[in-house]
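The tour goes from one selection to the next.

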Amino acid sequence: MRGIVYKSTGTWYTVKSEDGEFFECRIKGKFRIKDIKSTNPVAVGDKVLFKIEQVGDEVVGVITEIEDRSNYIIRKSVKLSKQTHIIAANIDQVFLIVTLRSPKTYTAFIDRFLATAEAYDIPAILLFNKMDIYGETELQEVFELVSLYQDIGYTCHCISAKTGSNIEVIKTAMAGKTSMFAGNSGVGKSTLINLISPDVDIKTTEISEQHLQGQHTTTFAEMYDLDFGARIIDTPGIKGFGMVDMDPDEIGDYFPELFRLKSDCKFNNCLHLDEPNCAVKRALENGEVSSSRYGSYVQMVTGKEDTYRMDSF
Ligand SMILES: Nc1nc2c(ncn2[C@@H]2O[C@H](COP(=O)(O)OP(=O)(O)OP(=O)(O)O)[C@@H](O)[C@H]2O)c(=O)[nH]1
Ligand SMILES: [Mg+2]
Ligand SMILES: [Zn+2]
């Protein structure tokens with residue numbers, strides 16, 4: 001039988017078959033996934049083959065095979081450990097919820113998130129939430145950000161999870177797909193999910209991870225079916241995606257507007273910092289590349305994200 005993993009505890013996996021029936025499954029044998037040392041071979045979102053076995057009086061599912069993943073997100077299981085934990089796989093899109101106030105979402109956070117999504121190969125969509133509370137200056141700022149990120153190629157929507165404004169657009173974008181929601185604490189993830197699908201009770205980040213800072217305990221994601229034919233993956237305790245280690249020379253590839261300019265730089269390994277005849281620096285000077293984006297890029301390349309990483313991104 002063929003199915004998708006909706007939940008995992010590390011030993012048991014809840015798999016939904018193509019007929020829509022849920023089975024509690026175990027894994028048989030060893031699964032090796034190329035290039036990654038993972039503490040868990042099967043993750044939420046995985047497409048699997050499984051069979052039903054009779055063990056005594058009990059009927060249990062046994063996962064026998066995992067299909068190739070289109071993408072997956074990981075996090076280190078313990079700080080500094082080489083072992084990684086796969087949080088979820090086969091994600092069609094991720095929505096980053098952004099607010100200008102209560103709380104303020106900084107462009108450094110947005111840019112790091114978007115770069116990580118690029119590295120993971122997951123399409124990202126920006127949702128500017130709490131549109132109902134902004135004054136004129138803030139609205140102006142939202143529109144500038146929308147224009148900035150749309151020009152780069154990201155889809156943006158302005159919404160209010162409180163008034164329901166523009167929510168249909170998001171439901172349409174989600175239909176038939178597996179989505180994730182991310183964003184700082186308080187931006188409205190739970191409110192939005194409750195609005196979209198009132199009968200799904202998702203617990204998002206209720207436990208403060210403060211005391212666990214830097215430790216990164218195992219996080220289990222869970223997938224939910226929404227009534228309009230969408231799937232949503234919830235990853236408690238993660239406001240972004242887990243972590244990816246990026247080499248300084250690949251970070252530029254995850255900023256689409258910088259990547260497009262790279263071939264015009266004098267050096268093909270240009271980091272766009274102090275190299276001569278750099279197309280990115282030129283574009284920055286004439287305003288074609290935004291200074292906030294460039295600033296985020298430099299921050300990431302020069303490794304100033306270490307404190308940020310501690311911040312359970
Ligand atoms: N005015 C206004 N308030 C909102 C909107 N969306 C959410 N809120 C409020 O913002 C607060 C935080 O919303 P939550 O949905 O709990 O935020 P969250 O992103 O789930 O936060 P964590 O679970 O801590 O990660 C709540 O008081 C919501 O009522 C909105 O569009 N407009
Ligand atoms: Mg929440
Ligand atoms: Zn350059």
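Predicted model: local features only at pLDDT ≥ 70, side-chain atom pairs only at ≥ 80, totals over all residues.

**Stop 1: the metal site.** Select the zinc ion (ligand 3) together with Cys265, Cys270, His272 and Cys278. The angles among the four donor atoms are 103 to 116°, and the site is tetrahedral. For comparison, the ideal angle for four tetrahedral donors is 109.5 degrees. Along the chain, the donors are spaced as C-x4-C-x1-H-x5-C. Cys265 and Cys278 are 13 residues apart, and both are in the loop between helix 6 (256-259) and helix 7 (279-285). Are these two cysteines, Cys265 and Cys278, buried or exposed? Both are buried.

**Stop 2: the nonpolar cores.** Next select Ile73, Val94, Leu126, Phe128, Tyr149 and Phe241, which touch the most other members of the largest nonpolar core, a set of 61 residues. Now centre on Phe128: leaving out residues up to four places away in sequence, its contacts include Val98, Val142, Leu145 and Ile159. Another core, of 19 residues, lies apart from the largest one; Ile167, Met174, Val200 and Tyr224 are among its members.

**Stop 3: helix 4.** Select residues 189-196 and look for Lys189, Leu192, Ile193 and Ile196, which are buried. Why are they on the same side of helix 4? Because they cover an arc of only 95° around the axis. Finally, show what covers them, including helix 3 (167-174), strand 8 (93-98) and strand 12 (222-226).

Conventions. Residues numbered from 1 in each chain as written. Chains lettered and ligands numbered in written order. Heavy atoms only, no water. Donors = N, O, S within 2.8 Å, 3.2 Å for Na, K, Ca; no water. Tetrahedral: all angles 85-135°; square planar, octahedral: opposite > 155°, others 65-115°. Helix = DSSP H or I, 4+ residues; strand = E, 2+ residues; numbered from the N terminus. Buried < 20%, exposed > 50% of the residue type's maximum accessible area, 1.4 Å probe, protein only. Core = buried A, V, L, I, M, F, W, Y, C linked by side-chain atoms within 4.5 Å. Contact = heavy atoms within 4.5 Å. Arc of directions from axis to C-beta.
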